[in-house]
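Let's take a look at the packing and the charged pairs in this one. The sequence and the structure come up next.

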Amino acid sequence: MDISINQNAFPDPDPKPNKRRRKKSMVWEHFTIETVNADCVKANCNLCKKSFAYISGSKLAGTSHLKRHISMGICPVTRHNQQKDQLSIQAPPPPKPKISENGTSSNSPRKRHRAVNGAVSIYSNGGNNWSHDLAKMIILHDYPLHMVEHAGFIDFTRNLQPQFNVSSVATVQEQIMGIYTREKQKVMDLLRVIPGRLNITVDVWTSDKSYKSLAYVLLTGHFIDHDLKLQRRILNFISVEFPDSDTALSGGIAACLTDWNIEEKLLTITLDRSSCSQNARENLRNLLPMKNSLTLNGQLVIDSCYARMLSSLAQDAIESMRGTIEKVRHSVKHVEPGEDRTIEESHNEIFVKLKQELQHPSTKRLKIDDVTKWDATYHMLVAAYEVKDVLSKLEREDPDYKCRISEKEWSQVATLCNFLKLLFEAANVLTRPVYPTTNIFSSQVVDIHKEFTEAAAASSDPFHITLTKPLREKFMRYWESCNLVIAMAAVMDPRMKMEYVAFNSTRIYGEDAGTWVKIVNDSLHELFLQYVMHSHLGPAFAEEEANDPLVKMEMPCQEDALLSSVDGLIDFDIDISDIMGESHTKLEIDQYLEESILPRVQEFDVLGWWRVNTYRYPTLSRMAFDVLSIPMSTTPTESVFDTRERKVDDYRSSLRPSTLDALFCAKDWLRYNTELPSSIVPAATAKTEFY
């Protein structure tokens, strides 16, 4: 049987010098052809000498299985020699890095080794992705940029992949700025199409390195997006020189608003009064498009942070009982081991034995508090009060226990816990996964006001009075700074409306309740009329309404427009249109207030209700969305219970401002999957300035 074999499929052992040879497959660098007989041709591995079928009869086996033998490390000799790039010449070993005193490498190689002879490495699709993922990892986990030059990191990455081009700090910084720029453009496109206004919070940070010559400002935007859902995004983290001056803060924030092109969208600014002077707060008011200082009684600038107010009240209350709390703290240390220490087992054994004898059903775990978190102190006091009888008996059973707490002191601890519980529940609304709408704060703040008022009027206990009087005075300063905004947000809840304001006014203001109700009602109508006025502005606002999901305006056809312009009654048409429009808008808010309130239910989506009823209240719904998105706190969720001011560490304060801004903002933006409707065309790419 004659079998025809294509001699071009494998190298000619005796090539002719004048004849052009067919290009060989790269596998023939590792295999040699062996003709067994006319029906069988094999390929032998040059390293392990194993034979593979190549031609059998009339069938050509191809070279895929030969490639796998080398590239996947099946060849034992290949594995033994540790050839990292299986189909290419083995990369030379990298020079050992010189390690400086701080553990960084001073001679990191920059050359990337490539596969040769057309071989495709299994690692060849990684260069840019690795650098991008490394920068993203640094952003998300707050790693220092110079970690890429640490000798340990370099060794680790080379062991994973010798071809990985270890980045320099400059390269990582460039990747971080690229991520920041791309994510910033997404946020800019999102803000460009929001249907309503934007509310911002101003959180001032400090640094030990700069002390009072430099401060850092975290600017966060709160808004309703194109899907009519409440959103918040960090906008900037900027450094401000000489923050104590009256114009430094407003100047820095104004530059940020201009950069984002959101000056005309701004409705309110929320900050903490301890971060700036009265003059500085007035300068911030000048940034608002609504220049009338009487609008909302001037509360478009909310100068008290809800979380910091609660934290301040809690710290003052705890400080008033510092001596007793220190006794409780030592008692907890005596009987319960902490995370970083040990206690004598006998102390804990005696404590457990006494609990069993007294059959004390404690539900709280005794745990030493973290003094940087006031809620930790509250939980420690609650848990200790539960076992006060056991601790009292411990005095007689454990000779090493010296922390005697009297019944009077335990009574004072109980009083303190009652107040701290009120503050804890009020602060806990800020720790929810979804930031609360403004109406949620109304019941919390009113409950605190009511508790302090009743405590001051009813109690004759000197300790009770001493504890509550200064707390009430501090709280009233907060109440006066934002009570109108909170009341208006409550009215925008269809389960509350003006009936809720009237009910609480009687309890808070007594005989002056009617005056307060009138103030709230008048302010509502005043703000509503401003929204009516803005809805009838010229082309600058008309474009926003054209893309607005709240209001879909029908434009007249060309023939109708021509008829109106030539029939001589255009002035009459405009006059009638204004009268009907005014009649409708005046009726809109009154109609809402006159309708019955909805039944109280535990789970209620107030934004969802306004989303459904947008067609009934086109202008009022716009106002409702904006009011319900006004932030009452400047503090991030993870810092709600902090007792210390926010600081930038020495490393981050040494970074250039643009890098620090990019790290803070990009970390926040990467948490969200920001997608715009397909009908919305993204704007031009955001510009990034390095300074």
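What follows covers the nonpolar cores and then the salt bridges of this predicted model.

## Nonpolar cores

The largest nonpolar core takes in 166 residues. Those with the most contacts inside it are Tyr306, Phe475, Met492, Val520, Trp610 and Met632. Helix α15, spanning residues 462-491, is the top contributor to this core, giving 16 residues. Apart from it sits another core of 14 residues, including Ile33, Phe52, Leu66 and Cys75.

Now zoom in on Phe475. Setting aside neighbours within four places in sequence, Phe475 touches Met309, Leu313, Val445, Ile448, His449 and Phe452.

## Salt bridges that span the sequence

There are 20 salt bridges in the structure. In one of them, Asp203 pairs with Arg308, with the closest N and O atoms 2.7 Å apart. Asp203 is in strand β5 (residues 198-205) and Arg308 in helix α8 (residues 306-319), so this pair ties together parts that are 105 residues apart in sequence. Asp203 counts as buried at 1% relative accessibility, while Arg308, at 24%, counts as partly exposed.

Another pair is Arg281 with Asp303, at 3.2 Å between the closest N and O atoms. Arg281 belongs to helix α7 (residues 278-285) and Asp303 to the loop between β9 and α8, so the bridge joins parts 22 residues apart in sequence. Here Arg281 is buried at 10% relative accessibility, and Asp303 is buried at 13%.

## A local pair and a network

Lys388 and Asp389 also meet in a salt bridge, 3.5 Å from N to O. Lys388 is buried, with a relative accessible area of 16%, whereas Asp389 is partly exposed at 40%. Elsewhere, salt bridges link Asp142, Arg652 and Lys667 in a network.

Technical notes: Residues numbered from 1 in each chain as written. Predicted model: local features only at pLDDT ≥ 70, side-chain atom pairs only at ≥ 80, totals over all residues. Heavy atoms only, no water. Core = buried A, V, L, I, M, F, W, Y, C linked by side-chain atoms within 4.5 Å. Buried < 20%, exposed > 50% of the residue type's maximum accessible area, 1.4 Å probe, protein only. Helix = DSSP H or I, 4+ residues; strand = E, 2+ residues; numbered from the N terminus. Contact = heavy atoms within 4.5 Å. Salt bridge = Lys/Arg side-chain N within 4 Å of Asp/Glu carboxyl O.
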